[in-house]
Amino acid sequence: MSKLFKIVKDNATSLHSKSVEVSEITPEIISLVNDMAEYLKLSQDTSFREKHHLREGVGLAAPQIGKNIRALVVYFEEENEDGSIRVVDHRLINPKIISESVKKVYLSGGEGCLSVDDEHKGYVYRNYKILVKAYEVSQGKEVVITARGYEAIVLQHEIDHLNGVLFYDHIDKKDPFKVLPDSIRL
């Protein structure tokens, strides 16, 4: 049985604060990140989610469980063009975007967040392609991840949490559904 975390809501000051770098990757930090990943996977299991009154998530950052450290997890499955399933599973410490595309991408239904209960309508523009350098817990080493499309959106959303930024901070207040030229709609 995984540890059930209490998700911090967006009215908490900790979610609007910049998180600190993890200076030493200890067994406790690794355990925390693995517990976060397990929680995320379980949130995608319908019966577990209903039993424990959880919301389904594809990403979780440490500030969302009350820890202002630079750690996040991402877990989801997506279908490739050939019909095969690709599992996206990141357990990252000190992630940093080291390169990003000019091309923008957005979700047609807008973004959501486990820490945000209220609906915030509007498009959130992200970079279509990013390179992220981080310590990958599952591999036990520094890696560089190339992410495109949905994976890039999720990673940027979670990295924003580490910087005290929420998805709705990106929505154009005057014109929330403005479509940027040459942007990709998902």
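The legends below describe close-up views of a predicted model.

**View 1. Strands S1, S2 and S3 pair in the antiparallel sense.** Strand S1 (residues 59-61) is joined to strand S2 (residues 71-79) by three bridges. Within this pairing, Ala61 lies opposite Leu72 of S2. S2 also pairs with strand S3 (residues 85-100), here over nine bridges. Ala71 faces Ile93 of S3 across that pairing. S2 and S3 make a hairpin with five residues between them. In the turn, Gly83 has a positive phi of about 90°.

**View 2. An open sheet is formed by three strands in the order S5-S4-S8.** The pairing in this sheet is mixed. Strand S5 (126-127) and strand S8 (184-185) are the edge strands, each pairing on one side only. Strand S4 (residues 104-106) runs antiparallel to S5, and two bridges join them. Val105 stands opposite Arg126 of S5.

**View 3. The largest nonpolar core has 24 residues.** Those touching the most other members are Val33, Met36, Leu60, Ile65, Ile69, Val73 and Ile93. Helix H1 (27-43) and S2 are the elements that give two or more residues to this core. H1 gives the most, with eight residues. A second, separate core of 17 residues includes Val88, Val132, Ile145 and Val154. In soluble globular proteins, nonpolar side chains tend to be buried together.

**View 4. Leu60 and the residues that it touches.** Leaving aside residues up to four places away in sequence, Leu60 contacts Ile7, Met36, Tyr39, Leu40, Ile65, Leu72, Val73, Leu114 and Glu158. Leu60, Met36, Ile65 and Val73 are among the residues of the largest nonpolar core that touch the most other members.

**View 5. Tyr106, Tyr123, Tyr125 and Phe177 form one aromatic cluster.** The structure holds seven aromatic pairs. One of them is the tilted pair of Tyr106 and Tyr125, with 5.0 Å from centre to centre and 55° between the planes. Tyr106 is in strand S4 and Tyr125 is in the loop between S4 and S5, so this pair ties together parts that are 19 residues apart in sequence. Tyr106 and Tyr125 are both buried. Tyr123 and Tyr125 have ring centres 6.5 Å apart and planes at 80°. Planes over 60 degrees apart count as edge-to-face, so the pair of Tyr123 and Tyr125 is edge-to-face. The relative accessible area is 10% for Tyr123 and 16% for Tyr125. Buried means under 20%, so Tyr123 is buried, and Tyr125 is buried as well.

Notes: Residues numbered from 1 in each chain as written. Predicted model: local features only at pLDDT ≥ 70, side-chain atom pairs only at ≥ 80, totals over all residues. Heavy atoms only, no water. Pairing = 2+ DSSP bridges. Helix = DSSP H or I, 4+ residues; strand = E, 2+ residues; numbered from the N terminus. Core = buried A, V, L, I, M, F, W, Y, C linked by side-chain atoms within 4.5 Å. Buried < 20%, exposed > 50% of the residue type's maximum accessible area, 1.4 Å probe, protein only. Contact = heavy atoms within 4.5 Å. Phe/Tyr/Trp six-rings, centres within 6.5 Å; stacked < 30°, edge-to-face > 60°.
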